[in-house]
Amino acid sequence: MNSTEKRLRQLERILEVNLELVSTLELSPLLDRIVSIAAELTDSEGASILLLDERSGDLRFCTAADPQLSARLKEIPVPVHGSIAGKVLIERQPIIVDNAAADPRHFRQVGSQTGFLTRTLLAVPLQARERCIGVLEAVNKRDPGGFTQEDMEILTALAAQATVAIENARLVEALRAAYRKLGELDRMKSDFIAIASHELRTPLSLVLGYASLLQQQGTGGRELEGVLRAATRLKNIIETMLNLRYLETGEMVLYREMFDLRGEVALACETYRSMAEASALTIECILPETPLFVRADREKIRLVLDNLLSNAVKFTPPGGRVEVRAVHRPDVAEIVVADTGIGIPPEALPRIFERFYQAEDPMTRRYGGLGLGLSIVKELVERHGGRVWAESAPGEGSRFYVRLPLSTPDR
Ligand code: ADP
């Protein structure tokens, strides 16, 4: 093979390996592949990669073609000032060393600690866009004539591709690490919610139990009513946090039964009537003449209605009106909870069903709540094969729509 043919063959080989390199997304196998290709292309005894350690400022061997040598090399930091690799890194120019033993720039500690004798060396920079991330070295050319200009060009071409592949793999690794961390944090949050809610639930049940007992005995008066109201609110908050966790972990099971939705809508309106009256609001419940049979989890549907009604009452100033209407639509039952309250700004409307989202600024908010109710509503309705959405404008009240598939009871 003449020298032109040889170069063509090498360039072909570089193109061949390019695809392999950029599709290797794990750093360690990628580096191993690069050094073995580097040794092959330059016909050398070995090759290695040194990457700049941003924290220490030293160069670190990441891999060498021989695994045993690689392990020993990894322990030796190579100073940027006082080594050939360092010079290549700083000047961003390749270097050929024909007689390493006699070269004053050579960092001798590597040889003395590993027993590996470097005779000739070719080092090229791993040059990313605006910075140099490390050095690729080929060591001991088999041909006694030493490394040539062509070797330098071919290794430089390989280094360019290797750098892109290394940067990609590093990005992918950083993303994977961030993703793992996020997953861990999410699990921690979920576990915390579970533990905190369980821990709170037991003492709270005792408070509620005693307070109810006192109320039945007719002692306590208005103060006791306040205690009961506050404890019930606390209980609802805890239930909301637990429901969120059940939904997140997939532990939420639906116990479906056939029932007439009108009964649940009427019940929910009754439950909120006294609360509404306390805030000088009226609640109107409009139901169709014919039943609205659904096969659904009654408790969960109650939770959906509770959340929508409590929001309507909460976000409507005194003197306002809440209207709950159930309607028969083709194949679906539709429930509309409409209020004459503060309404929702257009930029907030698409986000209100997200977890923890609240339209109000948390620093100046006037209304309580966890920002979880609607996200639970949405998941529950969708788990039932239904749909929920809202229409609203600031100052013009809000309308929440829930649609659930209708069923026919077995006769
Ligand atoms: P929370 O009510 O606990 O804040 P939700 O998930 O139930 O959480 O509601 C999210 C947000 O949507 C509320 O903080 C509020 O900004 C807005 N919102 C919900 N319902 C209404 C309503 N009927 N009127 C005005 N804003 C509402």
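User: Why is R325 called partly exposed?

Analyst: In this predicted model, R325 has a relative accessible area of 34%. Buried means under 20% and exposed means over 50%, with partly exposed in between. The value of 34% lies in between, so R325 is called partly exposed.

User: What makes the contact of R325 and E323 a salt bridge?

Analyst: The side chains of R325 and E323 meet with 3.2 Å from N to O. A salt bridge requires a side-chain nitrogen of Lys or Arg within 4 Å of a carboxyl oxygen of Asp or Glu. The distance of 3.2 Å is within 4 Å, and therefore the pair counts as a salt bridge.

User: Is E323 buried or exposed, and how do you know?

Analyst: E323 has 15% relative accessibility. Because buried means under 20%, E323 counts as buried.

User: What makes E264 and R302 a salt bridge, and which parts does the pair tie together?

Analyst: The side chains of E264 and R302 meet at 2.8 Å, N to O, and the cut-off is within 4 Å, so the pair qualifies.

User: How are E264 and R302 classed by accessibility, and why?

Analyst: E264 has a relative accessible area of 3%; this is under 20%, so E264 is buried.

User: Which parts does the salt bridge of E248 and K189 tie together?

Analyst: The side chains of E248 and K189 meet at 3.2 Å, N to O. E248 belongs to helix 7 (residues 221–249) and K189 to helix 6, so the pair ties together parts that are 59 residues apart in sequence. E248 is partly exposed, with a relative accessible area of 27%, and K189 is also partly exposed, at 27% relative accessibility. E248 and K189 are linked with D186, R355 and E379 in a network of salt bridges.

User: How many salt bridges does a search of the whole structure find?

Analyst: The search finds 35 salt bridges.

User: Why does M188 count as exposed, and where is M188 found?

Analyst: M188 has 54% relative accessibility. Exposed means over 50%, so M188 counts as exposed. M188 is found in helix 6 (residues 149–216). Together with L182 and L185, M188 makes a nonpolar surface patch of about 320 Å².

User: Why does P104 count as exposed, and where is its place?

Analyst: At 73% relative accessibility, P104 is over the 50% limit and therefore counts as exposed. Its place is in the loop between strand 4 (95–97) and helix 5. P104 and P318 are 214 residues apart in sequence and 88 Å apart in space, C-alpha to C-alpha.

User: What volume does the second largest pocket have, and which residues line it?

Analyst: The second largest pocket has a volume of about 320 Å³. Of the 24 residues that line the pocket, F61, V110, T118, E137 and V139 are the closest to its centre. Elements that give two or more residues to the lining include strand 2 (59–64), helix 3 (67–74) and strand 6 (132–141). Strand 1 gives the most, with 5 residues.

User: What classes of residue make up the lining of the second largest pocket?

Analyst: The lining has 15 nonpolar, 6 polar and 3 charged residues.

Definitions and conventions
Residues numbered from 1 in each chain as written. Predicted model: local features only at pLDDT ≥ 70, side-chain atom pairs only at ≥ 80, totals over all residues. Heavy atoms only, no water. Patch = residues over 30% accessible without salt bridge, like charges linked within 9 Å, V, L, I, M, F, W, Y side chains within 5 Å. Areas by Shrake-Rupley, 256 points an atom, 1.4 Å probe, with all protein chains shown as cover. Helix = DSSP H or I, 4+ residues; strand = E, 2+ residues; numbered from the N terminus. Buried < 20%, exposed > 50% of the residue type's maximum accessible area, 1.4 Å probe, protein only. 1 Å grid on protein atoms, 1.4 Å probe; cavity = no way out; pocket = protein on both sides within 12 Å on 5 of 7 lines; lining within 4 Å. Points joined across faces, edges and corners; volume = space filled by probe spheres on them. Nonpolar A, V, L, I, M, F, W, Y, C, P; charged D, E, K, R; others polar.
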